[in-house]
Amino acid sequence: MLDCYWESVSGQLSYSVSEEVNPGTSVGNIAKDLNLNVADLESRMFQIVAGSKRKYFDVNLKTGVLFVNERMDREELCAKAKTCTVNVEAVINDPLKLYRLEVNVLDINDNAPFFSENVQNLDIAESTLPGVKFGLIEASDLDVGKNSVNTYKLSPNDYFSVEIHKGGESVSAELVLQKSLDREKQAIIKLTLTAVDGGNPPKSGTSQIIIHALDNNDNHPVFDSSLYKTQIVENLATGSTVIIVNATDVDEGVNSEIEYSLRSKGQNHILDIFQIDPKTGAILVKGKIDYEENSAFEIHVQANDKGHTPMSAHCKVLVEVVDLNDNVPEITVTSLLNTVKEDAKLGTAIALVSVLDKDGGKNGVVKAVIANEPPFKLELNYKNYYSLVVNGPLDRESIAQYNITIVATDEGDSPLSSTSVVSVHISDVNDNAPRFTEPVINVYVKENSPVGAIIKTVSAIDADVDQNGHVSYSYLTSSSSSLPLSTLVNINSETGDIVSLQTFNYEELKTFTLKVLATDSGVPPLSSNVTVNVFILDENDNSPGILAPYSEHGSVNSENIPYSAEAGYFVAKIRAVDADSGYNALLSYHISEPKGTNLFRIGTSTGEIRTKRRMSDNDLKTHPLVVLVSDNGEPSLSATVSIDVVVVENTGDVQTQFRHVPTKEESFSDLNLYLLIAIVSVSVIFLLSLISLIAVKCHRTDGSFSRYSAPMITTHPDGSWSYSKSTQQYDVCFSSDTMKSDVMVFPAPFPQVDAELISINGGDTFNRTQTLPNKEKVRTRYVFFPFA
């Protein structure tokens, strides 16, 4: 009959169910008892964790009912133990919780008492007096408690009765002679001994007793005690003496000689472990004494005299085995999670750990600890059951696997311990964004580079793995450029290669900026960006261009000079510009003359053509000059202009391309006056600033003054002056011709930031070209052109 109930013991559920019930039998509503919502059981993966190889219980996820999954035999599970408990563990996720249950398996009367011997033979002398007791083989019952052997019954007869002895859970019987035997009347007496258990209904088993009536042997042996008690330690060596029993016989001669033996019926396991010396009565160890197999022994000893009609006596020896700490603890680990996410919360259970020590008493008390110091700990659930839980932050990028060493130690006088290593694999979560090695990347690209060229490969590192560490690249925005970024570059999303989509022209685009975004493939994705500054480097791809009035193609350029011109006479000024920048735009002027002509020279930096000496009668009247204008690039590019210089006798015939305008006296307008005043003002301010700077430098302390060298002014063959100091230099160039004079200033070394080359030509045009920094010290030239 099924008997199910539950109760809470220290926060733990306890159910009871009878053995041998059919599978599917309900034990209790575990969902209700644990205050769990039945609708959530399946989604939260509620399950029963089997504590043994056989899964006796399971749960119906639809109803929350705990039911019997497999037929249980209490005698198989717990043998003769008073209580039989099956430990059940239930686990539920989101959040992960562990519940411990106890199911008490109740005994039913499913086993009848039985005797190890179906027939018992007794030899009793006919002279034996009434009241003498004879030992009988006890019955056994696999059931426990009230269902075990409760009493004995003897079939009706005239000579014997049965005397029942109850001690604790042991029930034994002795045959008591009620009437003296008469061998001549009845030599053999057959009786039936019945063992009855206390079940409802009761069950029974029988054994036949055959009694042989013997001729008299007046006295039977008598033991000093009918019950002997002793203690031995387990693992006692073979041959060791357990106890010595003694019996005496008051007869004389051979009738008093006693021979000891162990009862051969009903205690086969005793005969495998013990033996007795037939002469001395010493019980010796024959086999292995193991407390974990048998904590006590009940030995039946028999003493027989050697009379013609032997008489016997019997006694019982109770041997208690004292436990030794000879069993190391056993550790069993049941994993709940295959891998643990690195963002697992504190207290997340990852495994169940049970420890068992077969020893008894304090030798069987076990404590489990973690030997090393991982971010995990053991939490005691119940008795020797623990949960292995997360106790600290996890970082897969630092440690991807933990080998947790669990040490279980008992509390014996000589403690024994065992270890078990649990491998915990940490799974990756997307907690690391891709990382660039530098926040800003500067890229220098030469102009005219081919389309499709890889100008830079950016790379970001993601410490995560698999999809969380797979990085793809894209660009965000563009600045410092009026052109759409999509027309300039493209980026390979897999490799990070930045590829040009057009040929860059420095004269049109000098720099642009893009932000490269690196994104991983995690959920949710993480990203970071880096600023990429692209600088276009100038190439010498533009030839110098000659400015008006000498730039007209196909025109004949000529200038007249008087025959009386002195050395240094101004002839003409060639002006040119270069669309490049920096050194590529730094121009120099040279005259390519026929052999033997040595009448003219040109300023290499100013382009002014002047006479080198006075005219002579041997000089030609017309001098064709070819002026070569070259830039400073590699390789150098150049342009040429041709001018015919005609020597005239009359000074009134002297007229140049710049004299096509009215003369000063004829056309000195207000505008010319304002320009002249402006030029003079600028010159005065410049000279005052220069004088002030020199005065300040001169009034410095000796220590600071020593850092500067004295100024130096140098004149050059072409008529220019240079003013220089140790830390800066100014080159000032003047022309002897008022209408064609330039002021050129060359300041200190090229600054670290971008500088500018500014020129104002005679055609009132303004050109401004930005140049990139150069590691060499370069003088930037500022050129001012006064106007006629």
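Predicted model: local features only at pLDDT ≥ 70, side-chain atom pairs only at ≥ 80, totals over all residues.
Which residue is the bridge partner of Arg-601 in E50? The partner is Arg-610.

Together with E46 they belong to an open sheet of three strands. The order is E46-E50-E49, and the pairing is antiparallel. Strand E46 (570–573) and strand E49 (600–602) stand at the edges. Each has a single partner strand, so one side of each is left without a neighbour in the sheet. On average, neighbouring strands of this sheet are turned by 20° against each other, direction ignored.

Now step back to the whole chain. The protein chain has 788 residues, and 41% of them are buried. It holds six helices and 59 strands. The accessible surface of the chain comes to about 41,900 Å². Carbon and sulfur atoms account for 52% of that surface.

Next, the cysteines. How many disulfides does the structure hold? It holds one. A disulfide is a covalent bond between the sulfur atoms of two cysteines. Here the two are Cys-78 and Cys-84, with sulfur atoms 2.0 Å apart. That pair counts as a disulfide because the cut-off is 2.5 Å. The angle about the S-S bond is 65°, and the link is right-handed. Are these cysteines buried or exposed? Cys-78 has a relative accessible area of 17%, so this residue is buried. The cut-off is under 20%. Cys-84 is buried too, at 2%. Another cysteine, Cys-315, is also buried, with a relative accessible area of 2%.

The backbone has some points worth a stop. Most residues other than glycine have a negative phi, and most peptide bonds are trans. Several places in this chain depart from that pattern.

Take the peptide bonds. Pro-201 sits in the loop between strand E16 (188–197) and strand E17 (204–214). Another cis peptide bond joins Val-523 and Pro-524. Its omega is about -5°. Pro-524 is in a loop as well, between strand E42 (511–520) and strand E43 (527–537).

Then take phi. Glu-20 has a phi near 65°, a positive value in a residue other than glycine. This residue is found in the loop between strand E2 (12–18) and strand E3 (26–29). Asp-466 also has a positive phi, near 55°. Its place is in the loop between strand E38 (460–461) and strand E39 (471–479).

How exposed are these two residues? Glu-20 has 25% relative accessibility, so this residue counts as partly exposed. Asp-466 has 67%, so this one counts as exposed. The cut-off for exposed is over 50%.

Definitions and conventions
Residues numbered from 1 in each chain as written. Heavy atoms only, no water. Helix = DSSP H or I, 4+ residues; strand = E, 2+ residues; numbered from the N terminus. Buried < 20%, exposed > 50% of the residue type's maximum accessible area, 1.4 Å probe, protein only. Areas by Shrake-Rupley, 256 points an atom, 1.4 Å probe, with all protein chains shown as cover. Pairing = 2+ DSSP bridges. Axes fitted to C-alpha atoms, helices over the stretch in contact; angles between N-to-C directions.
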